Amino acid sequence: RYIKLLKELRELPKVKKVFIRSGLRFDCMLADKRFGQEFLKELCSHHVSGQLKVAPEHISDKVLKLMGKPGEKVYNEFSQKYKEMNVRINKEQYLVPYLISGHPGSDLKEAVKLAEYLHKHRINPEQVQEFYPTPGTLSTCMFYTEMDPRTGEKIYVAKDIKEKIIQFAKCNYEIT
């Protein structure tokens with residue numbers, strides 16, 4: 001239905017372009033074996049203005065599990081398919097990852113892992129948000145209790161301002 005809607009929007013009089021800038025669930029698209037590839041072609045061919053913002057949020061499977069997000073492998077698979085599709089349709093378009101530093105479960109080791117990933121893949125993140133507890137979220141519960149409420153397992157939570165600054169800095173540098 002989404003592909004149909006995008007095509008209908010493109011055909012409206014006076015509508016030149018319909019761009020998707022963010023909010024794409026790349027894990028759901030990959031899971032949809034029947035329509036995922038068709039959607040990716042539609043997306044890349046007609047609905048990306050050069051950059052597509054996606055939210056892997058981190059790269060450490062340990063942290064991603066606590067976030068309730070798919071692992072690094074899923075993001076890497078989507079990234080590869082996105083690149084391949086753009087080559088196939090002869091377009092130069094980029095992924096812009098949105099990342100979070102200092103999420104419960106992330107220690108300096110996990111921050112370094114994220115920084116190494118960014119460096120290895122030559123990614124200059126445009127959006128890095130330091131984790132900030134907000135009412136009513138599972139992550140905030142983890143922040144205050146220092147445990148995963150789903151398992152009762154104790155988790156590390158960076159609360160020292162110096163460490164939070166270091167974790168943020170690790171994933172917020174420019175590759176030259």
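These notebook entries record what I looked up in one predicted protein model.

**Ground rules.** I number residues from 1 along each chain as its sequence is written, and my side-chain values use heavy atoms, with hydrogens and water left out.

**Overall layout.** I took helices (H or I, at least four residues) and strands (E, at least two) as DSSP runs, numbered from the N terminus. On that basis the protein chain has eight helices and three strands, and from the N terminus on the elements follow the order α-α-α-β-α-α-β-α-β-α-α. I noted that the C-alpha trace spans about 55 × 40 × 30 Å along its principal axes. Of the 176 residues, 42% are buried, where buried means under 20% relative accessible area, exposed over 50% and partly exposed in between, with a 1.4 Å probe and protein chains only. I then looked at contacts (heavy atoms within 4.5 Å): among those with a separation of 6 or more, 72% join residues 24 or more positions apart.

**The sheet.** I found an open sheet of three strands in the order β1-β2-β3, with parallel pairing; two strands pair if DSSP finds at least two bridges between them. β1 (51-57) and β3 (127-130) are the edge strands, each with a single partner, so one side of each has no neighbour in the sheet. Neighbouring strands are turned by 20° against each other on average, direction ignored. For β1 and β2 (residues 94-101) I recorded five bridges in the parallel sense, and I saw that Val-54 stands opposite Pro-97 in β2.

**α3 against α5.** I next followed helix α3 (residues 36-46) to helix α5 (residues 72-88), whose axes come within 10 Å and cross at roughly 55°. The axes are lines fitted to C-alpha atoms, for helices over the stretch in contact, and angles run from 0 to 180 degrees between N-to-C directions. The two helices are therefore oblique to each other, given that angles under 35 degrees count as roughly parallel, over 145 as roughly antiparallel, 65 to 115 as roughly perpendicular and the rest as oblique. The crossing is right-handed, meaning that the near helix is turned clockwise from the far one by less than a right angle, anticlockwise being left-handed. On the α3 side the contact is made by Gln-37, Leu-40, Lys-41 and Cys-44, and on the α5 side by Phe-78, Lys-81, Tyr-82, Met-85, Asn-86 and Arg-88.

**Leu-40.** Leaving aside neighbours within four places in sequence, Leu-40 is in contact with Met-29, Phe-78, Lys-81, Tyr-82 and Met-85. I also noted that the C-alpha atoms of Leu-40 and Leu-30, ten residues apart along the chain, are separated by 9.3 Å.

**α1 against α3.** Lastly I turned to helix α1 (residues 2-10), which packs with α3 at an angle of about 25°, the axes being 10 Å apart. These helices are therefore roughly parallel to each other, and their crossing is left-handed. Here the contact is made by Tyr-2, Ile-3, Leu-6, Lys-7 and Arg-10 of α1 together with Glu-38, Phe-39, Glu-42 and His-46 of α3.

Note on methods: Predicted model: local features only at pLDDT ≥ 70, side-chain atom pairs only at ≥ 80, totals over all residues.
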